[in-house]
Structure formats: structure tokens, C-alpha cells
Amino acid sequence: MTTMPADATPIDYADVQGTILRGYRVDFARHFVLSITDPVAAGTLLTDLVNGSNGLPKITSAQRTGVRPACFLNVSFTCTGLAAMGVSAADLATFDGSFQLGASNAGVARNVGDVGSSAPGHWIGGLGDGAQVHMLVSLWVRDSTEVLESVSAQLRSAFNGAATILLEQDANALPDNKVHFGYRDSISQPTVLGAPPTKHAPDDQPVVATGEFLLGYTNEIGGSYRVSPPQLSLNGSYAAFRILEQDVAAYDALVQSFADKAGVDTEMAAAKICGRWRNGNPLTLSPTQQDPLLPRDQLNNFTYIAPPAETDDTLGLVCPIGSHIRRNNPRNEAVVGGGTSANHRIIRRAMPYGPPYDPDKPDSATRGLVGYFINASIQNQFEFLTSQWSMTYTFVKSATAPGGTPAGNALFNISGEDVFLGVNDPSSSAFTFPGAGANGSGNTTVTGFGRTITTRGGVYCFFPSISGLTYLAGLPAATG
Ligand code: HEM
């Protein structure tokens, strides 16, 4: 049972947009990316969405009601979108630096690996031209395509005259919460201090300060992220919206080649790349074989540094230091720059899109993962994870296994970039299967593989609080 420190500031759930603190557990989503054409009309649209008036669904807050609604809706803005609504340049200068630049900025894109075929110039829906991307309206629907279509029709007609639709990006859940590479997802999420309780019992990982996910609250280093004006400075959050296309056939071939080169079976190779077996069991708890799926309340209860020596995995011999989950949340592993993983957690609200891939009937359909990676600091969380932990291997602190030097040093046991999120140019890509032996002598490192996940779009967004949305709705008329 998670306990809340006595000094935790209570969160006004009714003022927080729901997706920040609640996983909706739905089968369908549709993300509308909008360019505002008439700010006053956009203000009216926003008021209708906040109130649920004129036949539109009401923006979902973090406050649960007794009955689960058939659909959920949240709204976010880009920096140019806030400017279009009338937020002043002086106020915008107080926002997250990367948010101000936007996801399609060349320097921002380079920093997170959106280069080559992933560069903004190749993005769909005009997302590569950040100046025209203003607003995202995301609709999540529990299980009915009829509800999805009827609410979409209402929204499209309400957008008319206020904004043009640049892109409608759908998402649809796959069975067992799987993603297109066949792994179960949506297991590890940070437990946020003061957030509403979730369906499942919390894991045994440290509770993360509210201010890592909501503006205006204390964060992990004792400060808080704030912006001007004050109406936007409490209960809001940022997110990186990502459309990540997955090439399943290429990934299956990559896994097979890793297995051949490392002399392990394909499922073990797949588990080493991710850090979890495809059924969701973590390697740390199921080191040698997939095992039947562990109970949900055990699936995320593990750390990498766990003396005594028999349970410790400092060297990544069980779960590679370069695996996707260990890079993106090194838990209690020592990382360069000090601090703990809790300073760099992220809430993932992404779902698959596109049809399941059938290897017996190869097709050319596009498929991948789309959604929000939510945090109170894009720079310190989403971009840090990507640019530091996923795209470099020098973040691991020098360490020897408990008991001394013979087993070697963690620094030898990681190379290259995250197989999922790295740029992975075949001329320099590398993934290390750590093996016992002094200073990496037992390792197998595979090289020469390419990228199997391509960025098809990115937007840096700001989710205002519900009261912040009402403030924004009134701005165009007021600033006229
Ligand atoms: C198509 C792209 C991606 C795929 C296929 C993918 C796949 C996965 C899978 C299968 C898991 C394990 C399930 C779980 O622990 O809940 C996972 C965990 C995770 N992923 Fe990704 N992911 C993708 C993109 C990203 C991105 C863009 C980020 C952030 C920049 C990210 C950060 C994380 C984090 C933080 C975890 C949890 C690690 C932990 O707490 O142990 N992933 N991902």
C-alpha cells in the first residue's frame, strides 16, 4: 500500500485533465491534430468542450465518476497554438525551452534521434511544419466503433470555422495489451504522489513527486515547474506526442539475427532487447525462460542492483544494461550525473495503430505506436530519456559487481543505442549481450543492424488544467 507523506499537497482532480493521472483502458483512440483558423471560434469550441455543451463530450478530468463513460476526451496545445489563442510572447518565454521550440525544430529533432527517414521533413499530416500545428483533441473510446464515429462526427462539425484538421490519427488496442513487436505493454508506470488510486495495487517502486507530472507541485529535487500566467501554472502538464511506425518484418529478422549471432533462441534474444519477455515477465524475475505470466502485482517489483551477489545484476548478465526498459528506467542502477531514476520518470499513454502483422501474409500496411509521453519537463524527462539513456551508452556509472573485480565492470557491458529508440545506423549500431568474464571478455556484441521504428510525427504539447482551458477560451475575445 502506497502511503502519502503528510506534506503532500492534495491534488484537485477535477482541475486536472484525466489522461495525465488516469489510464483510460480503452480499445480505440482518435487524435485530431488541428490548426486554429479563428481564435474566437476556437475559444467557443473550448468552452463547449469544458462544459460538455452543444452536443460535445465534456473534457475528462482526473476525477472519477461512478460509471465509466463510453468515451474520454482531452485537449492540448503547442506553443504556436497558445500564441494563436493570445498568450503573450513574454508569458510563452516562461514555458519549457523545448516546448517553445517545438518537436519539428531541427535541433530538437536531432537531439531525440528524429533524423534521416525519421526527420520532420518526412512526417505525415504536415506535422513537420510546427508553425501550423496548434491543438490536439484526443478522443478515447472504450469499445464501440459506433461511439467513435458518432463523437468524431460531432467534433468535426464543431471544429468547422474554428480550426482545420491537419491529421486524424487512429489507434486500436491489440489483445493482451500487446504492441506490434508482440510484447505486452502498459505494465510499468510511475506511482504519482497524490494521484487517484489505480485499478491495480501499486508496485514496490519509489513513489514519484507530484511535481514531476504536474506544474505547480513539488518535484523530486524540491523545486517546482511553473509558468506565467498563473492561470496556466497549476495542474497542467507537458507531453511529447509521438507517432512511431514499427516495421514488424524487419524487427523479426533483427531478432532472428541477434539470436543466431548470440547463440540463444529467438524469444531469449527478444527478451534481452526489451528487458521483458514478450508475455511481460521481466528478465530479472524470469532469468532463463519466459515462465507463465506472473501475477500483475509482481510484474513490476524488481530492481537491478540487489545484493547479495546471487540476486544482484549490476553487470546486466540477466537483464542487459542496454535493454529498452533498463535504459528508460535504470531503477536503482548508478547513472552518471547522480540523482535517481525518479528524476526522469515518464507516464506513457500510447496505443498501437494499424492492423496486426501476420508473417504468413506479409503486407505493406503501416502500423506502430501512437500517443503521449507525459511529464512536467520535456527537457528533463522525455528528452533526457531519449537523448541520454536511449541514445548514449556512457550514462552507466563505473561499477563492479558486489564481491570485487573478477566479474568485471558494468561499463564494458553496454554499447550502442536502444534497439527500439536509437537511430541505429548500421555502420555504428551495436547491442551487447553481457556474459560473465572479466572486463567484458564474455560478452557477445552484435552490430550492423538498422532502425525498425521510424518517427512519423511528433508534437510537443501542453495540457492546461481545466480552469486553464477556461482561461484560454476567453483570451482571444479579451485580447482581440
Ligand atoms: C514503438 C515504440 C516503443 C515500443 C515498441 C516500446 C515498447 C515497450 C515495452 C514492450 C515495454 C515494457 C512494458 C512495460 O514495462 O510497461 C516498454 C517500457 C517502457 N518504455 Fe517503451 N516502447 C516504445 C517507445 C518508448 C518511448 C518513445 C519511450 C520514452 C521516451 C519509452 C519509454 C519506456 C519506459 C519508461 C518504459 C518502462 C520502463 C520501466 O519502468 O521498467 N518507450 N516499452
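Trainee: Hi! Before we look at that shell, what kind of model is this?

Mentor: Hello! This is a predicted model, so keep that in mind as we go.

Trainee: Got it. Which residues come nearest to the ligand?

Mentor: There are 27 residues around the ligand, and the ones that come nearest are Tyr183, Ile187, Ser188, Asn328 and Asn329.

Trainee: Where does the ligand shell lie relative to the domains?

Mentor: Between them, because domain 1 (13–244 + 463–479) and domain 2 (246–456) both give residues to the shell.

Trainee: How far apart are the C-alpha centres of the two domains?

Mentor: The C-alpha centres of domain 1 and domain 2 are 28 Å apart. As for contacts, 57 residues of domain 1 meet 51 residues of domain 2.

Trainee: Which elements give two or more residues to domain 1's side of that?

Mentor: On the side of domain 1 that touches domain 2, they are H1, strand S1 (28–36), helix H5 (97–101), strand S4 (163–172) and S5. S5 gives the largest share, with eight residues. By type, that side of domain 1 has 29 nonpolar, 19 polar and nine charged residues.

Trainee: What does the radius of gyration say about the chain?

Mentor: For 480 residues, a compact globule would have a radius of gyration near 23 Å, and the protein chain has 22 Å, so the two agree. Buried residues make up 49% of the 480.

Trainee: And what about contacts along the sequence?

Mentor: Take the contacts between residues at least 6 apart in sequence: 72% of them join residues at least 24 apart. Thr9 and Thr210 show how sequence and space can be compared: they are 201 residues apart in sequence, with 8.5 Å between their C-alpha atoms.

Trainee: Where does Thr9 lie, and what does it touch?

Mentor: Thr9 lies in the segment before helix H1 (18–21). Leaving out residues up to four places away in sequence, Thr9 touches Thr210 and Tyr217. Thr9 counts as partly exposed because it has 14 C-beta neighbours inside 10 Å.

Trainee: New topic: strand S6. Is it largely enclosed or is it open, and why?

Mentor: Six of the seven residues of S6 (residues 347–353) are buried, so the strand is largely enclosed by the rest of the structure. S6 pairs with S7 in the antiparallel sense, over seven bridges.

Trainee: What is the bridge partner of Met351 in S7?

Mentor: That partner is Val370.

Trainee: What about the backbone? Where are the cis peptide bonds you wanted to show me?

Mentor: One runs from Ser228 to Pro229, with omega near 5°, and Pro229 is in the loop between S4 and S5. Another joins Pro307 and Pro308, where omega is about 15°. You can find Pro308 in the loop between helix H9 (266–274) and H10.

Trainee: And which residues other than glycine have a positive phi?

Mentor: Arg25 is one of them, with phi near 55°, and it sits in the loop between H1 and S1. Arg331 also has a positive phi, about 50°, and its place is in the loop between H10 and S6.

Trainee: Are those two arginines buried or partly exposed?

Mentor: Arg25 counts as partly exposed, with 14 C-beta neighbours inside 10 Å. Arg331 is partly exposed too, with 19 other C-beta atoms within 10 Å. A residue needs 20 or more to be buried.

Trainee: Great, thanks for walking me through it!

Notes. Residues are numbered from 1 along each chain as its sequence is written. This is a predicted model: local features need pLDDT of at least 70, side-chain atom pairs count only at pLDDT 80 or more; totals for chains, interfaces and linings use all residues. A residue is near a molecule or strand if its C-beta atom, placed from the backbone, lies within 6 Å of it. Domain bounds come from an automatic or database domain assignment. Helices (H or I, at least four residues) and strands (E, at least two) are DSSP runs, numbered from the N terminus. A residue is buried if 20 or more other C-beta atoms lie within 10 Å of its own, exposed if 12 or fewer, and partly exposed in between; C-beta atoms are placed from the backbone. Two residues are in contact if their C-beta atoms, placed from the backbone, lie within 7 Å. The radius of gyration is taken over C-alpha atoms; the globule rule is 2.2 Å times the number of residues to the power 0.38. Ala, Val, Leu, Ile, Met, Phe, Trp, Tyr, Cys and Pro count as nonpolar, Asp, Glu, Lys and Arg as charged, and the others, Gly among them, as polar. Two strands pair if DSSP finds at least two bridges between them.
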